Amino acid sequence: EKKDITTKLLVIGGGPGGYVAAIRAGQLGIPTVLVEASSLGGTCLNIGCIPSKALIHAAEEFEHARQHAAGSPLGIRAGEPTLDVAQTVRWKDGIVQRLTGGVGALLRKAGVQVLKGWATIEDGKTVTVRGADGQGAQRVRCEHLLLATGSEAVALPSMPFGGAIWSSTDALSPDVLPRRLVVVGAGYIGLELGIAYRKLGVEVTVVEAAERVLPSYDEELTQPVLESLRKSGVVLHLGCSVLGWDEGQGVHVRNARADEFALPADRVLVAVGRRPRTAGFGLESLQLDMAGRHVAIDAHCRTSMRGVWAIGDVTGEPMLAHRAMAQGECVAEQIAGHNRRFEPMAIPAVCFTDPEVVVVGRTPAEARAAGLDCIDAAFPFSANGRAMTLESTGGFVRVVARKDNHLIVGWQAVGRGVSELTAAFGQSIEMGARLEDVAHTIHAHPTLGEAVQEAALRALGRAVHI
Ligand code: FAD
């Protein structure tokens, strides 16, 4: 029997929410214990954001090499490239290891005690940790309990994960490249991975129940993605539901007219959403207020039980790493006695599709729905010099601002590399910038960011380059 550990803060889950909370708490001198059953870094570093972006980059490089081999307008001539998938996966794993190792070092530096094992809640102040090594249980007593248990991929009852049926995790570590991949779900995870596989030369078919891709995004923003999917040869079945799977015929699908057909496939990636991880660790015993499937929290990230906090995916949408991190920092600082709330003006959302899609703050429709009298203006990359030199003139940057005082309330963009513009978008909204502030800022030439300035100028009725 191990001796009980007593601590001020106990964090369950070492993903971006939990590890950031623990590091910040450690920095602030709060005795902190972090429990992680699997690998530090959680979904994000191990099987989410980072490995997916690594795979996407490798796929883009491969596609460029193939384009050069096919005869490039840039004058580059190259031979037909080949792909060593095992090496690609090793390279991706190397990045993951560097980052998760870094998180471990940062936790040590902050003085956080990391326990490897599965945490089970006994009550709001007591947790038992059972190690993967089969050693005895360790009881931890705490003053504050932080739930950062994340989320897990939703399976389809008609095709549970395993064998040929992939979750996003399987798709990030393929043993071989399938010849034909069917992707179920055209949300950002399904499309990011589907596009990457297409670029690697796989025949990709996407099945989506809604009538369009990225259905939770503004349609104007998703149009360039739809066009690019079609151009790249991805086959789309929109407005279709999946009935089941058999190895011989493939994925059985029903369309809106109730016609049924089968899509042959060697692998099926099911990417139909993620659900907060709220079961299997005694959470029920706390009887916390829930909001649907996720733990309900207030603007301080407090649950309905005093001393129990929750952050990240377990608290529902938007299930994004940067939200989890910001909440984690906020909770640690409150436990240290700081007066903090989690009240961002905007949480950016990025789809690393081709082209990329970015939403920060309100779209014109959302602004209208909120009763705001707004103006919006877009600037197309077809009029941006840098975009031409990058051979990616599709897409645009759009700004949404209040009509009366020109306060910026939202930015949207679609195009190559627009994910990097989110920093500017977020800052302008958080700092209360007006259209004039952005319009009068000198943006470096030639950069994609000039489209940000031009969108603001256009909203003011005085764009120069269009
Ligand atoms: P998680 O990262 O899920 O971490 C939770 C951790 O808790 C896990 O490590 C788990 O092992 C541990 N745990 C759970 N229960 C217990 C227990 N009882 N005992 C011990 N340990 C436990 N987000 C972005 O912002 N940008 C992206 O580009 C992006 N891409 C993604 C791509 C994919 C393929 C996927 C799947 C997700 C992606 N996400 C992205 C989402 C992002 O990964 C999550 O929003 C983020 O990881 C949530 O962080 P978290 O700390 O809430 O939980």
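How many residues of the shell around the ligand are nonpolar, how many polar and how many charged? The shell divides into 16 nonpolar, 16 polar and three charged residues. Here Ala, Val, Leu, Ile, Met, Phe, Trp, Tyr, Cys and Pro count as nonpolar, Asp, Glu, Lys and Arg as charged, and the others, Gly among them, as polar.

This is a predicted model, in which local features need pLDDT of at least 70 and side-chain atom pairs count only at pLDDT 80 or more, while totals for chains, interfaces and linings use all residues. Residues are numbered from 1 along each chain as its sequence is written.

**View A. The shell around the ligand.** There are 35 residues around the ligand, and Gly13, Gly15, Gly42, Gly150 and Gly312 come nearest. Helices (H or I, at least four residues) and strands (E, at least two) are DSSP runs, numbered from the N terminus.

**View B. Helix α1 and its cover.** Because 11 of the 12 residues of α1 are buried, the helix is largely enclosed by the rest of the structure. A residue is buried if 20 or more other C-beta atoms lie within 10 Å of its own, exposed if 12 or fewer, and partly exposed in between, with C-beta atoms placed from the backbone. Among the buried residues of α1 are Pro16, Tyr19, Ile23 and Arg24. Their cover includes β1 (5-12), β2, α2, α4, β6 (138-147) and α8. After α1 comes Gly29, with a positive phi near 85°.

**View C. Helix α3.** At 1.5 Å a residue, the 21 residues of α3 should span 30 Å, and the end C-alpha atoms are 30 Å apart, which agrees. The expected span is 1.5 Å times one less than the number of residues. Ile50, Pro51, Ser52, Ala54, Leu55, Ala58 and Ala59 are the buried residues of α3. These residues pack against α2, α4 (85-109) and α6 (188-199). Two residues are in contact if their C-beta atoms, placed from the backbone, lie within 7 Å.

**View D. The five-stranded sheet.** This open sheet has the order β20-β21-β24-β23-β22, with antiparallel pairing. Its edge strands, β20 (349-351) and β22 (374-380), each pair on one side only. Two strands pair if DSSP finds at least two bridges between them. Neighbouring strands are turned by 10° against each other on average, direction ignored. Axes are lines fitted to C-alpha atoms, for helices over the stretch in contact, and angles run from 0 to 180 degrees between N-to-C directions.

**View E. Strand β21 and its neighbours.** Six of the six residues of β21 are buried, so the strand is largely enclosed by the rest of the structure. β20 and β21 (residues 356-361) run antiparallel and are joined by three bridges, and four residues lie between them in a hairpin. Val357 in β21 stands opposite Cys351, and the bridge partner of Val357 in β24 is Val414. Six bridges pair β21 with β24 in the antiparallel sense. Helix α11 (residues 422-430) lies across β20, β21 and β24 (408-415), at about 10° to β21.

Conventions:
Near = placed C-beta within 6 Å.
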